[in-house]
Amino acid sequence: MKKNQIPGQIILAAEEIPKQWYNIKADMPNRPPAAISPRTHQPVTADELNAIFPMGVIEQEVTTERYIDIPAEVMEKYRLFRSTPLHRAYELEKALGTPARIYYKYEGTNPSGSHKLNSAVAQAYYNKTAGMKRIVTETGAGQWGTALAMATKMFEMDCTVYMVKVSYQQKPYRRSIMQLYGAEVIASPSNLTEIGRQILSKTPDTNGSLGDAIAEAVEIAATNKDANYALGSVLDHVILHQTIIGQEAKKQMELVDEYPDIIIGCNGGGSNFSGLAFPFLKDKFDGKADAKFIAVEAAACPKLTKGVYTYDYGDSVGMAPIAKMYSLGHSFRPSGIHAGGLRYHGDSPLLSQVYHDGFITAEAVNQTEVFESALLFAQKELIVPAPESAHAICQAVKEAEKCKESGEEKVILFNLSGHGYFDMTAYDMYLQGHIVDDIPGLDGEILRAQDEIKDIGV
């Protein structure tokens, strides 16, 4: 089957699902430096990490092996929802009048509605084998919290989710589906933790942030022996688990004799963009291909395009390890945009390193143009995208329009990382004209937060 004969979607057979995760650290020219302990200001040790993570995850965090076998128990769960389809966006191409061929990898086919289940299942498995009874986490828009609620239920564990307050209020059905799978869901910051009480005493009307929610979840995990913490993005092991996306996409594109010229993903903490891009980036390192990679972030939280490459805390109060990454400053508090999963102040150290080295590029887009692209996509491709994923759509449309202007027949691949059927409040606000781009004081807030990075002393 050749490139012009592709059906509406391609799904791999069960035996074709990748049996290993790909670790980009084996191939990247420069690896990011080790994370630093906030307590000792020395490289963080396995013993320190073991206070909140299982050893199986810690080993994946530090390994430089190129491929890591996926445990049989994880593969058994993966087969419930993988492979995910690769679509050719015929109707979108027609609407744009572009010579570009647009493909998207759709990760929203499982009940969590996003790619997050790929890592949630793996992390739940490693915690279960380590004897943990409960996993505590944070969530922004709710995709990660939903995925972890599902995964812990698969392995008969308890789950507590600290959900950023603005998303807790904006997305009630996200709370409902987490509770459906047995999770306890708490608006963050809360009065249930010391850190939450401190934050509320200073800023009682805060919308909350992922940094706040991370800090609360870490506090609970660190003070309860039967509980561990799980993070849904940023860390190396999470990026590792998500590479099943890109490996599947490569196989699927080979079936139609295609290879992308441009690879696009939205970017919050880095997991879905890296999960798609890193298996293709290996080809760039090996000199086999030269695709352009574009990480698309929210203009309200522009860590790559306006952040600094430095050591910073992973949370808002300095409990989490200090990592070398692009950051807006750990005290930065983004506005309450509806793409809650993109409201993180920093970025994956792995993604930050390849961006710093010039292997990928970044673009920041505004809410109104994102929702405009989302509506076009929904009307033409019949899938309502998550607000986060719509950032990737927005950039894909821009790249396709460039092809229309130049007449180039480029192949564009983007990650449709999740659906938006739990995000209809956001679409309702857009349709009523209540979504705006103006963010008063953004640059000043970034500068203020980045000034605090200098006080870390690493």
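Guide: Seven strands, or 7 strands in the order 1-4-5-15-10-11-14, form an open sheet with mixed pairing, where strands are DSSP runs of E with at least two residues, helices are DSSP runs of H or I with at least four residues, and both are numbered from the N terminus. Two strands count as paired if DSSP finds at least two bridges between them. Strands of a sheet pair through backbone hydrogen bonds, either parallel or antiparallel. The model is a predicted one, in which local features need pLDDT of at least 70 and side-chain atom pairs count only at pLDDT 80 or more, while totals for chains, interfaces and linings use all residues. Residues are numbered from 1 along each chain as its sequence is written, and side-chain values use heavy atoms, with hydrogens and water left out.

The edge strands of the sheet are strand 1 (9-10) and strand 14 (361-365), each of which pairs on one side only. Strand 1 pairs with strand 4 (residues 86-88) in the antiparallel sense over 2 bridges, and glutamine 9 stands opposite histidine 87 in strand 4.

Helix 11 packs on the sheet and touches strand 1, strand 4, strand 5 (101-106) and strand 15 (411-416), contact here meaning heavy atoms within 4.5 Å. The direction of helix 11 makes about 140 degrees with that of strand 5, where axes are lines fitted to C-alpha atoms, for helices over the stretch in contact, and angles run from 0 to 180 degrees between N-to-C directions. Helix 16 also packs on the sheet, touching strand 5, strand 10 (262-266), strand 11 (292-298), strand 14 and strand 15, and its direction makes about 150 degrees with that of strand 10.

Helix 16 has a helix partner as well, for its axis and that of helix 15 (residues 367-381) come within 8 Å and cross at roughly 85 degrees. Helix 15 and helix 16 are therefore roughly perpendicular to each other, a label given to angles of 65 to 115 degrees, whereas those under 35 count as roughly parallel, those over 145 as roughly antiparallel and the rest as oblique. Among the residues making this contact are Phe371 and Phe377 of helix 15 and His391 and Cys394 of helix 16. By class, the contact has 9 nonpolar, 2 polar and 2 charged residues, with Ala, Val, Leu, Ile, Met, Phe, Trp, Tyr, Cys and Pro counted as nonpolar, Asp, Glu, Lys and Arg as charged, and the others, Gly among them, as polar.

On a 1 Å grid over the protein atoms alone, a cavity is a set of points where a 1.4 Å probe fits but cannot get out, a pocket is an open set with protein on both sides within 12 Å along at least five of seven lines, and lining residues have an atom within 4 Å of a point. Grid points are joined across faces, edges and corners, and a volume is the space filled by probe spheres set on the points.

The largest cavity holds about 340 Å³ of space, and helix 16 (387-406) is one of the elements that each supply at least two residues of its lining. That lining divides into 10 nonpolar, 18 polar and 3 charged residues. The largest pocket has a volume of about 920 Å³, and helix 11 (236-255) is among the elements that give two or more residues to its lining. The lining of the largest pocket has 29 nonpolar, 6 polar and 8 charged residues.
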